[in-house]
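Here are some notes for a colleague meeting this structure for the first time. Please read them beside the model.

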Amino acid sequence: MKNALGVEIPEYIEGFGELKPFRGVWKSIIEDEAPATNISRTLKAKKPHTSKLCDNLEAAIKKCNPFDGMTVTFHHHLRGGDGVLMQTIKILDEMGIKDITLASSSLTSAHDGLVPYVEKGMITKIFSSGIRGRLGEIISMGKLKYPAIIHSHGGRVRDFLTGRIKPDLSVLAASAADEEGNATGSHGPSAFGSMGYADIDARYSKNVIIVTDNLVDYPCVPSTVRQHFIDYVVKVDSIGDASKIASGTTRITTSPMDLRIARIAANVIEHSGLFKDGMSFQVGAGGASLAVAKFLREDMKRKDIKGSFMIGGVTSYGVDMLNEGLFQAIFDVQSFDAAVSSSVLNNPNHIEITCDQYANPNNCGSMTNKLDVVVLGALEVDVDFNVNVITGSSGEIRGASGGHSDTASGANLTVVVCPSFRGRLPIVKDRVHTVVTPGESVDVIVTERGVCVNPSKPNLAAALIKAGVKVVDIKDLKEKVDAMTGIPAEKELGDKIVALVEYRDGTIIDVIYNVENLS
Amino acid sequence: MLYIPGNNPAMIQQSGVYGCDAVLLDLEDAVALNQKDAARILVRNMLQTVEFYDTEVCVRVNNMHTPFGLADLEEIVPLQPDNIRFPKTETVQDVKDFMKEVRRIEKKHGIKNPTMTIHVMIETAKGVANVYDIANADSRIDAITIGGQDLTADMGIVKTPDGVGIDYARKRIVMAGKAYGLDVLDTVFADVNDEEGLREETEYIKKIGFAGKALINPRQVDVVHEVFNPTENEVRKAYRVYSEFIRNKNAGIGVFAIDGKMVDAPVVQRAITVLEYANIDLKEIEKSVAS
């Protein structure tokens, strides 16, 4: 069967069952009957005044009675510094547990160590919003038994609630926790800020272990994850590499090209009709995307604009804007540097939120649905405004869906920033290799060689042209870039589906086929 | 005007997208001796293939007293970039020698109506001394520029952030340029991370009459534009002055007053300069007054 983007989707995939094709950004959510919630809170009991503390992670895992075929979940707040996921998988492997479904909210360079566990079949299924590095390469080469599922951040919450992900064991790292499992990322030597992605795991997993390098006296205040969901608590020497978990403050790029693109994007926002008091805003954490915040900050000061709120992935740059009074509040599901942690802890207007509140398409208060402007990056875009943030130029899995499609679906103005080519590779394609965010939800693509406005937004195009913004037809831009770079030959792909890209509503928006050899 | 080393293909390729008014593709100081031929060939080819959009393109060739100057001209002049920059100009004779070669090459290639203009660069004490004559040495010169790094070296002084050592030269060069109706461009600001320093220096050189500044990094473009671009209030005021000027002129009145202040020819000229910086078409204002 074909989905709304013309992608051939299998009706059934071994290991997952029947698949539904993507029909449109809001079509399935609005028109279809709401999916059944196939998950309920596990009833747990504990005798009064007994301890949840375990000597070590292995002892805690043993108490959870691990079994073959179980689903183990993690959050990715420790990013490239995570030491907990690998420790857990190693212990489970030593116990002889196999056929594991791994459901981490994202996977980073810290998880290249998973490769041998995938290759030997100890891990057979993976759900994640992002897969990178060597792990992405071997999955792309077909080494994972079942296709990986790439979901969005909001889609992950939905997958828990509909039972697509059925968590048997969740091992959740915290930078501070007490003996009952009240836990946080906002303080402690390894502080990482918001712990928003861990909430759904804590609430619905059959067994929840809190792992911390900083066991504090009861009660841990403030705490994000609360004790009544937590089965066991483990104090460890280290939850990972603190320098890679969160460090310092975020610095704006000095790349002239990224800055140029960001400047143009800020101009687009200023003349979009949304640049006014009460504006809400989200921006990515790096490159041209974050640099837009620098220019927006200057523009807001110049025009005396006071925004309502920022959401997201929050950097110290966002915190500075909050402290300057440019926005009233930050809703923070994930923090990107050490300076943010102290703001989460100390500023009442810096509000930690769960991923459910952030981006779940199946609730009544998703923050992404209240968003005015979001600025997002891209690995590739196409003439239909579809965006790829997951596969590289060789077809390998190397990126993250994250909240890309969530925020794009909800924002009044979705701005994608990217150079028109990188190295010798054109970025504007006839069709992206993999669609993560459908063009229907993308309003503007900003490149250094012109701004492309989705034809569905003629009024926006007219306003930008009137303001002197260089608006170009995306097909013309593609032709010009192709004339400079040439059109690279497409990498030949195999016929094995190695990953499914699940849109936030649970339908399948694209499939990723195997590549023969990447190394 | 953004300086781009002539032997860097990636930077040349992207130079038209940074929003600067002009780029200078440099075959001179930015290029090592053993890269001179490669840079010349690269710039020649890039001029024919790269899109620079609305950005004016200037090529800085090597001085005619070097082994590379004439070879540069042979390759670049036939392509008629918007301008050629002639470095280390010291005398009227330098200009004459240079222009003789330019015209010979244009004739050889059948270019009857050359569009390329000449920028002369003053970067020695001798050049500063002779700048009035140099500015008037050839009708195709339309801009004059100061090279602060070479000038301080020639003077045997250190270039300081306050620019005091080259202040006389700056002002003399500006006056020579103004005397002959040329655009006068200032030297580079070397510390790309010092945005405030760049802003201060640009504000200063604008005050003493420069029309623009040389840049060594695209990150400097916005600051210089912010300083040179008139503010919204300045544009509104200039618009009002020019509108009233046209209205009064049509009624046969030469001098008039706005809000009690006399408006005469110099005030009108300043208003025109502001409107030109703001890219406002004077004819549109005239039409609007007429209707």
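1. Helices here are DSSP runs of H or I, at least four residues, and strands are runs of E, at least two, numbered from the N terminus.

2. The model is predicted: local features need pLDDT of at least 70, side-chain atom pairs count only at pLDDT 80 or more, and totals for chains, interfaces and linings use all residues. Residues are numbered from 1 along each chain as its sequence is written, while chains are lettered from A and ligands numbered from 1 in the order in which they are written.

3. Which residues of α16(A) are buried? They are I474(A), L477(A), K478(A) and V481(A). Buried means 20 or more other C-beta atoms within 10 Å of a residue's own; exposed means 12 or fewer; partly exposed lies in between; C-beta atoms are placed from the backbone.

4. The face turned away from the buried side of α16(A) carries exposed K475(A), D476(A), E479(A) and A483(A).

5. Chain A has 16 helices and 27 strands. Of its 519 residues, 59% count as buried. Its C-alpha trace spans about 70 × 55 × 45 Å along the principal axes.

6. In chain B, the domain assignment, automatic or from a database, gives domain 1 (2-228) and domain 2 (232-290). Their centres, taken over C-alpha atoms, are 33 Å apart.
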